[in-house]
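Here's a quick tour of one protein model, picked apart piece by piece. Keep the 3D view open and click along as you read.

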Amino acid sequence: MNPPADPRQILMVIAPDGFRDEELLEPRAAFQADGFRVDTVSVKTGKASGMLGASEPITRTITDILPQRYEAIVIVGGIGAMAHLWRNADLHSLLQTMAAQGAVISAICLSPATLALAGLLQGKRATVWEMPESIAALQQGGAVYTGDPVTIDGRLVTANGPDAAADFARAILSLLALPTSA
């Protein structure tokens, strides 16, 4: 794998509405404190709205991204993930490309379902915000559901919701500190 053009970059993906505020804000603050540049994108440009009132300006979409620039991708959860991210073919393609390049692939809350539906969780241990639709998506994708707050399997990190946001960020940073072949 070639090193990223601009090392120490993380990509965060949010729904255009209904993303979970602390699942964006807490990890992003931790990544930036550790020296990473963080770019946030969505499925459309404009102002994205969080479930608790956060607002995030979006100037680029998933299709504008050069995946080789990023060491990790973080799919933020919230109720908007179901409608906008779970079955988004462009996001699935981006995730598959980044996984093939050895990037850390991560998702929190309802968004681990996106990883499952993208075909990245077959035989992998994962967690998710527990509701019938999210558990069904993990099962459909062949994941082994753990029910833990945070689950790491190889270079995949999943977390079950906003209470796990800080531990989720720490898990991602711990993987980024390891060599890519780890």
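Which residues does Ala171 touch, leaving aside residues up to four places away in sequence? The answer is Val150, Ile152 and Val157. Bear in mind that this is a predicted model. The points below start with the helix that holds Ala171, helix H6, and then visit a few other spots.

**Helix H6**

- Helix H6 covers residues 165-176, which makes 12 residues.
- At 1.5 Å a residue, H6 should span 16 Å, and its end C-alpha atoms are 17 Å apart, so the two values agree.
- Quite a list of H6 residues is buried: Ala165, Phe168, Ala169, Ala171, Ile172, Leu173, Leu175 and Leu176.
- Here's a handy bit of background: an α-helix has 3.6 residues a turn, so residues three or four places apart point the same way.
- What covers the buried residues of H6? The cover includes helix H1 (21-33) along with strands S1 (9-13), S6 (72-75), S7 (104-108), S10 (150-153) and S11 (156-159).
- Ala171 has a relative accessibility of 8%, and the cut-off for buried is under 20%, so Ala171 counts as buried.
- Ala171 and Val128 sit 43 residues apart along the chain, and their C-alpha atoms are separated by 15 Å.

**Where H1 meets H6**

- The axes of these two helices, H1 and H6, come within 9 Å and cross at roughly 40°.
- Is the crossing of H1 and H6 left-handed or right-handed? It's right-handed.
- On the H1 side, the residues that meet H6 are Glu22, Glu23, Glu26, Pro27, Ala30 and Phe31.
- On the H6 side, their partners are Ala165, Ala166, Phe168, Ala169, Ile172 and Leu173.
- Sort the residues of this contact by type and you get 9 nonpolar, no polar and 3 charged.

**Val74 in strand S6**

- Val74 belongs to strand S6, and its relative accessible area is 0%, so Val74 is buried.
- Not counting residues up to four places away in sequence, Val74 touches Ile10, Leu11, Met12, Val13, Phe31, Ser106, Phe168 and Ile172.
- Val74 and Pro27 are 47 residues apart in sequence, yet 9.0 Å apart in space, C-alpha to C-alpha.

**Cys109 in a loop**

- Look for Cys109 in the loop between S7 and helix H4 (112-117).
- The phi angle of Cys109 is near 70°, a positive value in a residue other than glycine.
- Is Cys109 buried or exposed? With a relative accessible area of 6%, Cys109 is buried.
- Leaving out residues up to four places away in sequence, Cys109 touches Glu23, Gly77, Gly78, Val128, Trp129, Ala159, Asn160 and Gly161.
- Cys109 and Ser134 are 25 residues apart in sequence and 9.2 Å apart in space, C-alpha to C-alpha.

**Gly50 in strand S4**

- Gly50 is part of strand S4, residues 46-50.
- At 14% relative accessibility, Gly50 counts as buried.
- Which residues does Gly50 touch, not counting those up to four places away in sequence? They are Phe19 and Asp21.
- Gly50 and Met12 are 38 residues apart along the chain, with 14 Å between their C-alpha atoms.

Methods
Residues are numbered from 1 along each chain as its sequence is written. This is a predicted model: local features need pLDDT of at least 70, side-chain atom pairs count only at pLDDT 80 or more; totals for chains, interfaces and linings use all residues. Side-chain values use heavy atoms; hydrogens and water are left out. Helices (H or I, at least four residues) and strands (E, at least two) are DSSP runs, numbered from the N terminus. The expected span of a helix is 1.5 Å times one less than its number of residues. Buried means under 20% relative accessible area, exposed over 50%, partly exposed in between (1.4 Å probe, protein chains only). Contact means heavy atoms within 4.5 Å. Axes are lines fitted to C-alpha atoms, for helices over the stretch in contact, and angles run from 0 to 180 degrees between N-to-C directions. A crossing is left-handed if the near helix is turned anticlockwise from the far one by less than a right angle, and right-handed if clockwise. Ala, Val, Leu, Ile, Met, Phe, Trp, Tyr, Cys and Pro count as nonpolar, Asp, Glu, Lys and Arg as charged, and the others, Gly among them, as polar.
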